[in-house]
Structure formats: structure tokens, C-alpha cells
Amino acid sequence: MNRLYTDLLIKVIANTIYGSASQVIDPSKMGETTPFNREDRLLGRDWPAVAHSMAGIKRLTNVRDLVQRVIDENVPGDLIETGVWRGGCCILMRGVLAANEVKNRKIYVADSFDGLPPPDAGNFPADSGDRLHEYRQLAIDQAQVESNFAAYDLLDDQVVFVKGLFGDTLPERVAGPLALIRLDGDMYESTMDSLEALYPRLSPGGFAIIDDLAHPPCRQAVDDYRACNAIEAEVHEIDWTGGWWQKPVTGN
Ligand SMILES: C[S@@+](CC[C@H](N)C(=O)[O-])C[C@H]1O[C@@H](n2cnc3c(N)ncnc32)[C@H](O)[C@@H]1O
């Protein structure tokens, strides 16, 4: 029953049931759409017009499976996504907790709720020239994300919203311990700020999921952080861009 519910939740969050059109990924053509494409929704290659996550079925299934492992393997701590857009991955995390009747873990929902920051090329040269902050399709306000949670009957006090730029909010507002961290902020700065604030608080045996390894600035932040902190855990591939690793029981 649990599996049947979370399988359906994934299909609804990815919107492969009814199938929505996708937004054209080009700020100058904002508002235009392309027809529904099932393969794009499987692999999360599009920006869907109405689905609650752009991650696609494969990366959503990975979220479900690793949250289930957190529960089954008793990894201590809360769960967080940094970079939530319409909230779909966090809604799924909350749904997996509900399906397992877990009441002592929180889901942290961290975002500016106003899109990506402009690049700070002085401090983060890998982000220079990045234009993602121009895409207003990526700016979803907190009230909309709350209403998306409520549509699934999954908005309650186990869901904690952390509004603001990751570098400002995460160090103070997310104490840990954390059992699972999912990073989906695309940029070098967003990925590095999330890793620096959260990875030290990730429990041994916990999971780090990175959505954007195909995006060079994100990949570079992950590679730099892993090299600096001697992290050698194998990165498992989810699809063309997603990956994850498990923090070892001793060390990093
Ligand atoms: C690609 S979208 C996330 C997609 C989402 N995980 C999903 O499942 O559809 C990137 C999100 O990261 C947020 N973001 C990126 N960098 C940020 C930062 N430094 N601080 C706060 N929010 C940030 C944006 O506002 C946007 O909502």
C-alpha cells in the first residue's frame, strides 16, 4: 500500500497522468509552450508548465527510495531540499514520511522563493555569465508552494519553510542532524553554500543527492567540496544529471 501511494504521488508530482505542456526554456519566449513529451518528463529535461517538480520520474523515484532507506536504516535526522521551485520533491519527502507514519522528522523547504541570485563572479568565478536569475519561471513564491503541499493534504508542522538565500539562512536556521540533503540550486554559489552549511550536519549513513551534475558550475562546486573534504564515497548516477552518495559511517 505504501509503495502504491508513493508511486502514484511520483506520477502526480511529475504530472505524467494528465500530461502538461512544457515552457520554452528561453526568457525571451517566456509564456510560450511546447507539447507534452513523456520522455522529457521521465528524465526531467523540460520545465513543465504545471507539474510540481521539474525533476522527472527517475529523480523523484530516487528521492522516494532514499527517504525510504533513511527510515528503514534508522539514519538519524531531518530532511532538506535546497532549491525547491514548486515544492514537488519536498512534497514527496513528506508523503513518504506520512506513508510510514513517521512523526519525528521534519522536511526543510529552503528557497529564496524569488528565483536564483545574480552571479557573484568575484567570489564564485564559475558562475560568471550565468543568466538563470533572469528566468522568472524559476521564481515561485512561498504561498504557492504552501498551497501545493496543502493540495496533497501534506502541509503541517513537520514542514519547515526556510526563506532567503542559502548563504544567509542555512547556517543559522537548519540545525541538524540531517538524514538526507538534496541540492537543486544549479549555481556554484548555491551548491557550495548548501554543502558547506549542511554536509557537516549530515548523519553518518545519510544521503547527499545532487540534481544538477550535468550543469558545469554545480559539478565544479561538488568536485571542489569533495576534494577539499576528502570525500571519496562513490557518486551513483540517477539519470543524465542527477547523482547521490552515502556518507560513510566513519569519516566524510
Ligand atoms: C531548478 S529549481 C529547483 C527545482 C526543484 N527542486 C524541483 O523539484 O522542481 C532551482 C531553485 O533554486 C532556488 N535557488 C537557487 N539558488 C538559490 C540560492 N542561492 N538561495 C535560495 N534559493 C536559490 C530558486 O529560487 C529555484 O526555486
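## A hairpin and its neighbour

Let's start with the hairpin: in this predicted model, strands E9 and E10 make one, with five residues between them. E9 covers residues 236–237, and two bridges tie this strand to E10 in an antiparallel arrangement. If you want a spot to look at, find Glu 237, which sits opposite Gly 243 of E10.

E10, spanning residues 243–246, also pairs with strand E8, residues 202–210. That pairing is antiparallel too, and it runs over four bridges. Here you can pick out Ile 209, whose bridge partner in E10 is Trp 244.

## Around the ligand

Now over to the ligand. How many residues surround the ligand? There are 20 of them, and the closest are Ser 53, Met 54, Asp 111, Asp 184 and Ser 190. As for where the ligand sits, the space it takes up is the largest pocket.

## Polar contacts and burial

Which atoms meet the ligand's oxygen atoms? From Ser 53, a polar side-chain atom comes to 2.7 Å from a ligand oxygen. With Met 54 it's the backbone that takes part: one of its polar backbone atoms is 2.8 Å from an oxygen atom of the ligand. Gly 115 also uses a polar backbone atom, this time 3.2 Å from a ligand oxygen.

So how much of the ligand does the protein bury? On its own, the ligand exposes 600 Å², and the protein buries 98% of that.

How values were computed. Residues numbered from 1 in each chain as written. Predicted model: local features only at pLDDT ≥ 70, side-chain atom pairs only at ≥ 80, totals over all residues. Heavy atoms only, no water. Near = heavy atom within 4 Å. Polar contact = N/O pair within 3.5 Å; in protein donor to acceptor, adjacent residues only side chain to side chain. Areas by Shrake-Rupley, 256 points an atom, 1.4 Å probe, with all protein chains shown as cover. 1 Å grid on protein atoms, 1.4 Å probe; cavity = no way out; pocket = protein on both sides within 12 Å on 5 of 7 lines; lining within 4 Å. Sits in = over half its atoms within 2 Å of the grid points. Pairing = 2+ DSSP bridges.
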